Amino acid sequence: MKHLFLTVSLIFSALSGMKAQDYMTKTGHAQFFSETVAENITANNYKMVSTLDTKTGNMVFSVPIQSFEFEKALMQKHFNQENFMDSKKYPKAKFKGKIDNINDVDFSKSGVYDVTVSGDMTMKGHTKHMTEKGTIEVKGSEIIAKSTFNITIADFGIGKPTKASKRENVADVIKVTVDLNYKAKN
């Protein structure tokens, strides 16, 4: 009888452990878009690392700055220089926050849920509290988080190119899109 009780206990423990609450991705996508009269600039980064705790709503992500890819190599060079992102000194942008309405998301049921995320964004040594809208899509065992929001570059101490002729090439406010496809942590 002891063995039966122990076996049943182990089975229930294993089953409850299968319903993971911690999710992560190492291939998240971050994109930014700068629109000006002079030119539009788009950059993509597919090396965003993020974790999500579906029980608490805690969310963290980190984006390696030098992994942003531009259409033109010169744009990428200027982006990483000291007077703009200074990626040697500040190699990552980070966000640490929480899904405020985590209880509105049913992780056991496929669907798309509107969420509000708030937390601290840190770039180039500057931290700013942000609150943004997004969606969480539950798709079987996957969780897909998406958000599009604006960042004022001056809030993070990000300057513009020093040459007067290039100042109008970068917008003061850029559009950022984040797309995270989470898998359960093992």
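**Entry 1: a residue pair.** I began with Ala 43 and found that its bridge partner in β4 is Phe 70. The strand label follows the rule that strands (E, at least two residues) and helices (H or I, at least four) are DSSP runs, numbered from the N terminus. I then looked up how β2 and strand β4 (residues 69–70) are joined, and noted two bridges in an antiparallel arrangement; two strands are said to pair if DSSP finds at least two bridges between them.

**Entry 2: what I am looking at.** I note that this is a predicted model, in which local features need pLDDT of at least 70 and side-chain atom pairs count only at pLDDT 80 or more, while totals for chains, interfaces and linings use all residues. Residues are numbered from 1 along each chain as its sequence is written, and side-chain values use heavy atoms, with hydrogens and water left out.

**Entry 3: confidence.** I read that pLDDT is the predictor's confidence in each residue, from 0 to 100, and that the protein has a mean of 87, with 84% of its residues at 70 or more. Over residues 2–20, however, the pLDDT is below 50, and this stretch has four contacts in the model beyond near neighbours in sequence, where contact means heavy atoms within 4.5 Å.

**Entry 4: the strands around β2.** I listed two helices and nine strands in the protein, which follow the pattern α-β-β-β-β-α-β-β-β-β-β along the sequence. Strand β1 (residues 22–35) and strand β2 (residues 40–53) run antiparallel and are joined by eleven bridges, with Ala 30 standing opposite Asn 45 in β2; a hairpin leads from β1 to β2 through four residues. On looking up strand β3 (residues 58–64), I found that four bridges join β2 to this strand, again antiparallel, and that Val 49 has Ser 62 in β3 as its bridge partner. The hairpin of β2 and β3 has four residues between the strands, and Gly 57 in the turn has a positive phi of about 85°.

**Entry 5: Ser 147.** A polar atom of the Ser 147 side chain lies 2.7 Å from the backbone oxygen of Lys 133. Leaving aside neighbours within four places in sequence, Ser 147 is in contact with residues including Glu 132, Gly 134, Val 176 and Val 178.

Terms used:
A polar contact is a pair of N or O atoms within 3.5 Å; within protein, one must be able to donate a hydrogen and the other to accept it, and residues adjacent in sequence count only if both atoms are side-chain atoms.
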